[in-house]
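Hello,

Here is the structure I said I would pass on. Please open it first, then read the notes below it.

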Amino acid sequence: MVARLSESCYLIFNLGSDTGMAGNSIRFDIITLFPQIFPGYLGESLLAKAIERGQVAVHIHNLRDWSTDKHHKVDAPPYGGGPGMLLQVQPVVDCVEAVKGMAAEPGELLMMSPQGQTLKQAVVAELAESS
């Protein structure tokens, strides 16, 4: 599953086994422009214990690694002008496809958006049952 956490961070996760992990595990692939902010968080508390026990695998991917631009640029101004910048489609699609191919079993693709359905416990339970 893929969740858009912000303009600069996507999360892909697969329920099931990851290479070298127990059958009852979860794999998280985090796609971000800021990979340096995650190691401190991942090394603390219950999440760190789950990673040590092999119940959770977390893989961090820098979105800029999939840019074809010589400066590893992944954003561009909106088509037609206007304020702000938008992520380019090419690096996001290439990265998501590559990361999905890294898992033993590619997960379901789920894109979150402010315009979409509110993510509530019932929706999460439904997604867990479909996996």
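**What turned up**

Asp29 is buried, with a relative accessible area of 0%. Keep in mind that this is a predicted model. The side chain of Arg27 meets that of Asp29 in a salt bridge, at 2.7 Å from N to O. Side chains of opposite charge can pair when their charged atoms come close. Arg27 is buried too, at a relative accessible area of 6%; the cut-off for buried is under 20%. The count of salt bridges comes to one.

Next, His61. It sits in strand β4, which covers residues 56-62. Is His61 buried or exposed? It is buried, because its relative accessible area is 10% and buried means under 20%. Leaving aside neighbours within four places in sequence, His61 is in contact with Asp29, Ile30, Ile31, Thr32, Trp66, Val99 and Met102.

**The chain as a whole**

The protein chain has four helices and six strands. Along the sequence they follow the pattern β-β-β-α-α-β-β-β-α-α. Of the 131 residues, 32% are buried. Among contacts with a separation of 6 or more, 51% are between residues 24 or more positions apart. The chain exposes about 8,500 Å². Carbon and sulfur atoms supply 57% of that area.

**The core and helix α3**

Which residues form the largest nonpolar core? There are ten: Ile31, Leu33, Leu63, Trp66, Val74, Leu87, Val92, Cys95, Val96 and Val99. Helix α3, residues 89-102, gives the most to this core, with four residues.

Now look along α3 itself. Its 14 residues should span 20 Å at 1.5 Å a residue. The end C-alpha atoms are 20 Å apart, which agrees. The buried residues of α3 are Pro91, Val92, Cys95, Val96 and Val99. They cover an arc of only 125° around the axis, which puts them on the same side of α3. The face turned away from that buried side carries the exposed residues Val89 and Gly101.

Val96 is worth a click. It is found in α3 and is buried, with a relative accessible area of 8%. How far apart are Val96 and Ile31 in sequence and in space? They are 65 residues apart in sequence and 8.1 Å apart in space, C-alpha to C-alpha.

Ser45 has a phi near 60°, a positive value in a residue other than glycine. Ser45 is found in helix α2, residues 45-53. At 58% relative accessibility, Ser45 counts as exposed, because the cut-off for exposed is over 50%.

His72 also has a phi near 60°, again a positive value in a residue other than glycine. His72 lies in the loop between β4 and β5, the latter at 75-76. At 39% relative accessibility, His72 counts as partly exposed.

Best wishes

Notes. Residues numbered from 1 in each chain as written. Predicted model: local features only at pLDDT ≥ 70, side-chain atom pairs only at ≥ 80, totals over all residues. Heavy atoms only, no water. Core = buried A, V, L, I, M, F, W, Y, C linked by side-chain atoms within 4.5 Å. Buried < 20%, exposed > 50% of the residue type's maximum accessible area, 1.4 Å probe, protein only. Helix = DSSP H or I, 4+ residues; strand = E, 2+ residues; numbered from the N terminus. Contact = heavy atoms within 4.5 Å. Salt bridge = Lys/Arg side-chain N within 4 Å of Asp/Glu carboxyl O. Areas by Shrake-Rupley, 256 points an atom, 1.4 Å probe, with all protein chains shown as cover. Expected span 1.5 Å × (residues − 1). Arc of directions from axis to C-beta.
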